[in-house]
Amino acid sequence: MMTAKEIRESFLKFFASKGCTIVPSAPMVLKGDPTLMFTNAGMNQFKDIILGNVEKKFSRAADSQKCLRVSGKHNDLEEVGHDTYHHTMFEMLGNWSFGDYFKEEAISWAWEYLVDKLHLDPKNMYATVFEGSKEEGLERDNEAAAIWERFLPKDHILNGNKHDNFWEMGDTGPCGPCSEIHYDSRSEAEKAQVPGRELVNKDHPQVIEIWNLVFMQYNRMANGSLEKLPAHVIDTGMGFERLVRTMQNKTSNYDTDIFQPIIQVIGSLSGKSYGQDEKTDIAMRVIADHIRTIAFAITDGQLPSNAKAGYVIRRILRRAVRYAYTYLDQKEAFLYKLLPVLIDTMGDAYPELKAQNDLIVKVIKEEEDSFLRTLGNGIKLLGNIMADTKAAGKSIIDGKEAFTLFDTYGFPLDLTELIARENGLTIDEEGFNTNMQAQKERARNAAAVENGDWVELHPGTTEFVGYDFFETETEVLRYRSIKQKNKVSYQIVLEKTPFYGEMGGQVGDKGTLTFGNEVIKVVDTKRENNLAVHIVEKLPQDITAPVVAKIDEEARMALQCNHTATHILDYCLREVLGTHVEQKGSLVTPESLRFDFSHFQKVTDEELRQVEHLANKMVREAIPLEEHRNMPIDEAKKLGAIALFGEKYGDEVRVVKFGPSIELCGGCHAPNTGRIGMIRILSESSVAAGVRRIEAITGKAVEDMLDAQQDMVKSLRELFNNAPNLIQTIQKVLDEDSQLKKQVEEFKQEKVQEVKKLLLSKATDANGFKLIRYEGPADPADVKNLAFQLRMENANLIFVGGTQHQGKPMLTVAVGDDAKAAGINASKLVKEAAKLIQGGGGGQPHFAQAGGKNADGLTAAVEQIIGQLK
C-alpha cells in the first residue's frame, strides 16, 4: 500500500515527465489579492498568468497546493468532521496548461496516471461532462465526451449541469466547462443493488469526486455574457486526501495515514478511543482537521484575531477547543500538544512547520487558555439565562439570547442546546437562525462590490518606475467602474506608473493624473492581481489622451524613510534580542510605522533603548542603499537576505541592503539611512502569543514630538513657579494631594455615621419593616455606600433614596436580608418607579439603582415605591 508521501511524490514525478514545471505550494494565507483571504484552489497562484497580468515563465506546471475552505458547496465549517471526506485545510494536486495542451492531453494523462500508474480499477470510475445550457447558448461538451469514450463505457460518462460542470473564477473572469472524475468505493454487493452512476454528485460518502478537469475557454463579462478566451487554459484539481483514501482502500479520509497518527495521539491524550462513540469520533475528526489548518495558517503569518482572516482562524481554533471541551472532557489547553505528531506526518513536505514550531505552540496554547476562560464566562451567562427563563415560567430559551452566546462567547447552537437540555429547557432555534441570517446579510451588504467590465484601450502590462521617478508620462491601458455602498469610483491601469500599489505592509501612493489641462486626483493605489490599480473618484473627459502620473512627493519621501526604518529596526531587534526575532507583519505610512515580530516576552525599557540607540547610530552613518532588482533567489539567500515565512517569492527577487541589514523587499526606500533623520520608538505591546509590536516615527514627526514634549515641560515648569527640580516638586504635590484625600475620606465616613444615626432615628414602619427615606443632593457612589452600610447593619430595613447629582435624578433601593426573604425585591421596585423620572435601571433583589432625565418626577417616584411597600 502506498503511503500519502509516496502518492504525493508520484503525482509530481508523473507530471514532471510530461514537461510540467513543478512549482512549490503558495502560502495558504493570501496577500495582495483583495478578492480572497485564503488560497481556496490550486489556481490562485496562477491567477495573474491566466488573466494575462504577468508574462508566463512556463506553459505547463504541476504542484501540491495547501488550500483552505470554510464556506461554499459542502464546505460549511460547522459540517466539517460530521462526514468522512470534507475538510477545512486540504491539499490540492493540480496540473496546468497556459495556452499549451488542452482537453485531449488533460483527459488522457488523468487516465494514464490513475489507471496505469496508480492501478485504480477503471470499472469503478465515472466521468461527468457539461450537458450544455440553452440560456447561455452553450452546447454539450461533446469534445470531452468523445475523448472519454476511448477509455470508459458510455454508461460511465454522465451529463452534468451548469452548477456541477461549468467552472467560474468569480462573477466575472475566465471560466469554462469541466469534467469530474468520480470513484465508487462501495462493496460489490452494494454496487449490484444500486449502480454507481445513480449516486454520482448525490453526496454519497463512498461515491466521491476525486479529480476535476477544468477547460477554461470563455471569459465572463460583467453583463453576464461570455466571450471566447484568446488562449485556452487547463486547470485541474485533485483532492489529495480523497486520492489517498481511495488508494489505501479506506471508507473515510480520516482512516488514512494522513489523519490516523493525529487521531491516535488525540485518543491517547484524552483517554478516549476512536470508533467507540459517534460524538467522540466527530470531535476527534474535527480536532485532527482543524489542528492542520491552525498550524499552517500561523506558519504563513496569519495569527488568530478578531478581524478578517484572523477571525476565521480564531473561529476554527475555538471550534476545535469546544469539541475537545464538550466531548473529550478537556478542560485545559490541549491542541498545542498535537504539534509534534503533525510535524511527524507533514514536516518533511512542509519544513516551515518545523521552523516555526515554538511560535505555533505558543500561539495555540495562549488562544486555548483565553477561550477556555471565555467558555467559563459563557457558561455562567447561560446559567443566568436559564434561571431567568425558568423564573418567567418558560421552558424555551429566547433565540436572540442563544445567538448572543454564539456571537460573543463562541457558543455554537449545539453546545447551548446540550446544556439547556440537561436543565430541562429547549432553544428557540428559529429565532437563533433569524438572528444569524440577519448578521450574514449585514456582512454581505457591507462587503458587496459591483465591478464593471474592464474597458481596454491598449494591450499590455504595467511597468513600475516608482523606484527611480516620482513623475512619468504614460497612457491608460484599461479602466472600469466600481460600486460599493452606493458610491461609484473608478480604477485605472497605466502603461507606466510611479504609483506604488499597497502591498507588503506599505500603503499605496496618492497623487494626480494630468490629462492635458485636466487634473484627476488619485485617492489611493491598490494592487489587484499584480496590477497597480489607481483609484479615482471621476474619469477625465478624454481618457485616451496622454497622461502625466505624479505621486505626492512629500508623502512618498516620508514613507520611504519609515520603510527603511522598519528594516533597520528589524536588524537591531535581532542584534539586541536574538536571531529568533522574525518579522510577523508591518504597516508603513507617511506618518508612522508599525512592526510586528516574534519574541516570547515583553521587551524591557532598557532593551528598547538599546534598539533605538543602535538604530539611530545606523541613521547617523548615512548608509547608502544597495539595491539588486533582479537577483536569483538562491544568490539572494547566499548574500544573507532575510525571507519571510508566508511569502511567495519568484525565481528572481529584489534585495534591499543597508550595511548589515539585508532583506527581500519590493517596497520603496530612502537613498541612504541619513535621510531618516532620527527614529523614535513610541510604544511596545503584545499582539498575540509570542508576537510583539513596536510603533515608531521618524524625521519631522520626531521633531514635532520633541517640540511638543519641550513645550509641555516648559508649561509644567511655569505651573510650578520654575522649580529647579520639577520631578521632586511634582512628587511633593502628589504626596500632599494623597494625604488630603485621606483626610477628606475620613471626614466623609464621619459624616456617613452621623447621617446613619439621623436616618435611623427618623425611620418609619412599613408592614413591620424599618423604612428609611433619603432625599436631596448626593453623589450616587456615596448613596450606594450609605445604603449598603444600613442594610448590612439592619436585616429588617428598607432604604429608599431619591437623590440628584449634577442635575441628574437617581433612585436607590436597598433591602435587608429579612425584608428580602419576605419577598421584597429592590430591582422590581426601582424598574417600575424609574419610568416617572424618564429613566431605567435595575440590579439585584437586595440592591438596585436607576438613573433618569426628569428630576421633577423624583418625589413621585419615591412616593410610588413607598406606596407599594405600605
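**A walk from a cavity to a buried threonine**

Val321, Ala324, Tyr325, Gln330, Glu332, Phe334, Leu335, Glu368 and Leu372 line the largest cavity. Two elements each give two or more residues to this lining: helix H10 (308–327) and helix H13 (357–391). Helix H10 gives the most, with three residues. Sorted by type, the lining holds six nonpolar residues, one polar residue and two charged residues. The volume of this cavity is about 30 Å³. The structure holds one cavity of 30 Å³ or more. Keep in mind that this is a predicted model.

How is such a space found? Rolling a probe the size of a water molecule over the atoms shows where empty space is left.

Next come the aromatic rings. A pair of rings is described by the distance of the centres and the angle of the planes. The count here comes to 27 aromatic pairs. Take Phe14 and Tyr113. Their centres lie 5.3 Å apart, with 45° between the planes, and the pair is tilted. Phe14 sits in helix H1 (residues 4–16) and Tyr113 in helix H3 (residues 103–117), so the pair ties together parts that are 99 residues apart in sequence. Are these two residues buried or exposed? Phe14 has a relative accessible area of 4%, so Phe14 is buried. Tyr113 is at 1% relative accessibility and therefore counts as buried. The two rings also belong to one aromatic cluster, formed by Phe11, Phe14, Phe15, Tyr113 and Trp211.

Now look at Phe464 and Tyr500. Their ring centres are 5.9 Å apart and their planes stand at 75°, so this pair is edge-to-face. The cut-off for that label is an angle over 60 degrees. Phe464 lies in strand S14 (residues 463–464), while Tyr500 is in the loop between strand S18 (496–497) and strand S19 (511–515), so the pair ties together parts that are 36 residues apart in sequence. Phe464 is partly exposed, with a relative accessible area of 25%. Tyr500 is buried, with a relative accessible area of 2%.

Last stop: Thr673. This residue is in the loop between strand S27 (661–664) and strand S28 (679–688). Why does Thr673 count as buried? Its relative accessibility is 0%, and buried means under 20%. What surrounds Thr673? Leaving aside neighbours within four places in sequence, Thr673 is in contact with Thr564, Ile568, Met618, Val619, Glu621, Ala622, Ile623 and Phe658. With Ala622 there is a further detail: the side chain of Thr673 reaches the backbone nitrogen of Ala622 at 3.4 Å.

Note on methods. Residues are numbered from 1 along each chain as its sequence is written. This is a predicted model: local features need pLDDT of at least 70, side-chain atom pairs count only at pLDDT 80 or more; totals for chains, interfaces and linings use all residues. Side-chain values use heavy atoms; hydrogens and water are left out. Helices (H or I, at least four residues) and strands (E, at least two) are DSSP runs, numbered from the N terminus. Buried means under 20% relative accessible area, exposed over 50%, partly exposed in between (1.4 Å probe, protein chains only). A polar contact is a pair of N or O atoms within 3.5 Å; within protein, one must be able to donate a hydrogen and the other to accept it, and residues adjacent in sequence count only if both atoms are side-chain atoms. Contact means heavy atoms within 4.5 Å. On a 1 Å grid over the protein atoms alone, a cavity is a set of points where a 1.4 Å probe fits but cannot get out, and a pocket is an open set with protein on both sides within 12 Å along at least five of seven lines; lining residues have an atom within 4 Å of a point. Grid points are joined across faces, edges and corners, and a volume is the space filled by probe spheres set on the points. Ala, Val, Leu, Ile, Met, Phe, Trp, Tyr, Cys and Pro count as nonpolar, Asp, Glu, Lys and Arg as charged, and the others, Gly among them, as polar. Rings of Phe, Tyr and Trp (its six-membered ring) pair if their centres lie within 6.5 Å; planes under 30 degrees apart count as stacked, over 60 as edge-to-face and the rest as tilted.
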